[in-house]
Amino acid sequence: MSRRTMQSPLSEQEKREVWGDFADQEDELLDEVEARWGDSPAYSESARRVATYGKSDWEEINAGNAAIEQRIAELMDAGCHPASQEAMDVAEAQRLHISRWFYPMDHRFHVQKSVLYVEDPRFRAGIEEHTRPGAAEWLQAAIRANAARA
């Protein structure tokens, strides 16, 4: 076990209720996160915030993320280009959601993180599970367009 600083006050049952399958992989995934980013200010801030989140916070986080995913699916279904105003707005909503709940995320950092959405199969699966195939690339393009407009 690592020296992990990211801890949640949730019970095991609450974790399963609000995190789903992630709860079963918590130790493995958080060890990886700490190994990759444990020395970063974003990790420290996220660990500090997560340590305070109860079940109702996670339900709000999940609802916000679901609304963003729903909007991505709607825009993709409508054939909306990722550089359109609507697409950039959903990219901005995602950036602000992450900033509100986990760590400050400027546009440059958001663009960097979007590489994971496309290249890491776990991130891709997380995005495309409730949207559409190709949503990872679509979102990355919207994030880049949003950063350029900022």
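Predicted model: local features only at pLDDT ≥ 70, side-chain atom pairs only at ≥ 80, totals over all residues.

One aromatic cluster is formed by W19, Y53, W58, W101 and F102.

**Aromatic pairs**

Six aromatic pairs are present in the structure. One of them joins W58 and F102 in a tilted arrangement, with 5.9 Å from centre to centre and 45° between the planes. This pair connects distant parts of the chain, since W58 belongs to helix α4 while F102 sits in the loop between α5 and α6, 44 residues apart. W58 has a relative accessible area of 8% and is therefore buried, the cut-off being under 20%. F102 also counts as buried, because its relative accessibility of 17% falls under 20%.

A further pair consists of Y117 and F123, whose ring centres are 6.1 Å apart and whose planes meet at 35°, so this pair is tilted. Y117 is buried, with a relative accessible area of 4%, whereas F123 is partly exposed, at 27%.

The two pairs described above are set out below.

| Pair | Centre to centre | Angle between planes | Class |
|---|---|---|---|
| W58 and F102 | 5.9 Å | 45° | tilted |
| Y117 and F123 | 6.1 Å | 35° | tilted |

**Helix α4**

Helix α4 contains 23 residues and spans 32 Å between its first and last C-alpha, close to the 33 Å expected at 1.5 Å a residue. Its buried residues are W58, I61, I68, E69, I72, A73, L75 and M76. These buried residues of α4 pack against α1, α3, α5, α7 and α8 (135-149). After α4 comes G79, which has a positive phi, near 75°.

**The largest pocket**

The largest pocket has a volume of about 1900 Å³. Its lining comprises 49 residues, and those nearest the centre of the pocket are F22, N65, F102, K113 and F123.

Which helices each supply at least two residues of the lining of the largest pocket? They are α1 (12-19), α2 (26-37), α3 (41-50), α4 (55-77), α5 (85-101), α6 (107-119) and α7 (121-128). By residue type, the lining divides into 26 nonpolar, 13 polar and 10 charged residues.

Conventions: Residues numbered from 1 in each chain as written. Heavy atoms only, no water. 1 Å grid on protein atoms, 1.4 Å probe; cavity = no way out; pocket = protein on both sides within 12 Å on 5 of 7 lines; lining within 4 Å. Points joined across faces, edges and corners; volume = space filled by probe spheres on them. Helix = DSSP H or I, 4+ residues; strand = E, 2+ residues; numbered from the N terminus. Nonpolar A, V, L, I, M, F, W, Y, C, P; charged D, E, K, R; others polar. Phe/Tyr/Trp six-rings, centres within 6.5 Å; stacked < 30°, edge-to-face > 60°. Buried < 20%, exposed > 50% of the residue type's maximum accessible area, 1.4 Å probe, protein only. Expected span 1.5 Å × (residues − 1). Contact = heavy atoms within 4.5 Å.
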